[in-house]
Amino acid sequence: QTFERIEKIDGKVGSFVYLRKEKAIEEAKKLDERIAKGEKVGVLAGIPVAIKDNMVSNGDITTACSKILGKYEGVYDATAVKKLKEADAIIIGATNMDEFAMGSTTKTSTHHLTKNPWDIQKVPGGSSGGAAASIASQEVYLSLGSDTGGSIRQPASFCGVVGLKPTYGRVSRYGLIAFASSLDQIGPIAKSVEDIALCMNVISGEDDYDATVSSKEVPDYTKYLNQDIKGMKIGVPKEYFIDGINPGVKKVVEESLEKFKKLGAEIVEVSLPHTKYAVPTYYVIAPAEASSNLARFDGVRYGYRSENVENIEDLYVNSRTEGFGDEVKRRIMIGTYVLSAGFYDAYFKKAQKVRALIKEDFDKVFENVDVILTPVCPNTAFKLDDKKTPIELYLEDIFTISANLAGIPGLSIPAGKSEGMPVGIQLLGKAFGEEELIKAGSAFEK
Ligand code: GLN
């Protein structure tokens with residue numbers, strides 16, 4: 001059924017770049033046999049799940065939507081993928097994304113465009129655009145995305161679905177093709193907060209293969225569904241209501257605050273004074289880490305190799321020149337520049353200091369509130385043919401990137417519409433405070 005639906009719809013939407021049809025059907029049959037025999041099966045038994053094309057799955061093609069990976073085949077399972085398989089979920093295929101997860105439109109993918117299921121003239125957001133579109137168009141029930149600066153939350157908002165970026169260190173990054181290792185985090189995109197909670201129960205927790213994963217116990221997130229939120233304190237940062245924000249988005253956020261008040265929550269104005277430095281800080285740190293992570297793509301070890309070579313230097317240079325797209329090259333150049341001997345102190349080191357200040361802002365606010373509510377993005381989904389400059393696109397990340405810099409969790413949840421397009425609100429929590437987000441999100445969703 002899942003594949004019938006995908007075959008019917010995906011020509012229009014373009015969520016997927018790779019389908020595991022035969023393997024998935026085979027696995028589903030085996031699962032049926034186990035159920036028929038009365039064997040115990042996992043909590044996600046038979047649930048069709050899609051994974052973003054930057055997570056490896058043993059024997060399946062993974063390209064990070066870049067030409068440089070060619071037809072690279074995973075030789076092991078990413079931990080999050082392995083945990084899904086152990087819970088008996090059926091992995092359907094890989095979803096489209098911006099090349100190496102760099103972008104907010106899914107347009108920089110080497111494969112094809114993904115269209116917003118609500119209006120196919122518009123982008124689904126990015127970089128996990130295929131993941132969000134696969135949920136919005138009801139091709140699958142659960143998708144894994146990755147979020148370095150908003151790549152789960154922003155496409156979820158643009159497509160009217162729910163997305164969670166977990167706390168840094170909650171979900172293993174093992175097997176995730178790295179963009180910026182200190183910011184990257186895998187998380188779920190789904191139709192409801194309940195599905196998000198179920199998925200988090202499965203994918204969270206310790207992993208011997210990722211030293212940055214916390215050994216903190218994983219709570220049962222489903223316990224926080226359908227709870228009373230009377231007395232919950234919700235902070236609203238004044239710095240997030242900037243001039244550039246679309247009036248339709250602002251209206252939805254205001255209506256959401258009203259709804260939370262009716263549910264018994266207390267709304268308090270808070271201040272995150274370093275918010276204005278978040279975009280420049282992120283666009284120094286993320287490219288710096290990316291330039292280092294992407295050094296491994298040398299034309300020798302993975303996928304694509306230039307044919308036009310006479311010596312080893314040519315092999316590196318030509319493979320990289322031909323294999324990486326413009327946005328990726330732009331980030332590598334920014335990254336190597338801010339890390340270079342003469343500029344390290346002025347850019348990278350300074351950005352690290354500002355990052356600490358941004359984190360302190362959140363620590364202070366969370367002394368007094370349970371969650372923070374903000375818009376996800378200043379605008380709704382852009383037109384596919386909208387020619388925004390890179391800087392204009394970077395500025396759109398203003399509301400999502402602080403959570404990555406501070407390492408805290410963020411939930412994007414549909415809250416209304418503006419001119420027919422979905423608008424999400426973002427709930428931010430303290431580190432390892434996913435429970436509060438699920439509690440608030442679930443109450444709001446009702
Ligand atoms: N839009 C941001 C960027 O381009 C976020 C990307 C992400 O979270 N992977 O870097």
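Visitor: Which residues come nearest the ligand?
Guide: Keep in mind that this is a predicted model. In it, Ala101, Ser104, Thr148, Gly149 and Ser151 come nearest, out of 13 residues around the ligand.

Visitor: And by class, what does the shell around the ligand have?
Guide: You get 7 polar residues, 4 nonpolar and 2 charged.

Visitor: OK, what about Thr106, where is that found?
Guide: Thr106 sits in the loop between strand E3 (90-95) and helix H4 (129-136).

Visitor: Is Thr106 buried or exposed?
Guide: Thr106 is buried, because 35 other C-beta atoms lie within 10 Å and 20 or more is enough to count.

Visitor: Which residues is Thr106 in contact with, leaving aside neighbours within four places in sequence?
Guide: Among them are Asn96, Met97 and Asp98, and also Thr114, Val123 and Pro124. Gly130 is another of its contacts; the C-alpha atoms of Thr106 and Gly130 are separated by 7.5 Å, though the two residues are 24 apart along the chain.

Visitor: Switching to the whole protein, how many helices and strands are there?
Guide: The protein has 14 helices and 11 strands. Helix H2, for one, covers residues 21-36 and reaches 22 Å from first C-alpha to last, close to the expected 22 Å. Gly38 follows H2, with a positive phi near 80°.

Visitor: What share of contacts between residues at least 6 apart join residues at least 24 apart?
Guide: That's 75% of them in this protein.

Definitions and conventions. Residues numbered from 1 in each chain as written. Predicted model: local features only at pLDDT ≥ 70, side-chain atom pairs only at ≥ 80, totals over all residues. Near = placed C-beta within 6 Å. Nonpolar A, V, L, I, M, F, W, Y, C, P; charged D, E, K, R; others polar. Helix = DSSP H or I, 4+ residues; strand = E, 2+ residues; numbered from the N terminus. Contact = placed C-beta atoms within 7 Å. Expected span 1.5 Å × (residues − 1). Buried ≥ 20, exposed ≤ 12 C-beta atoms within 10 Å, placed from the backbone.
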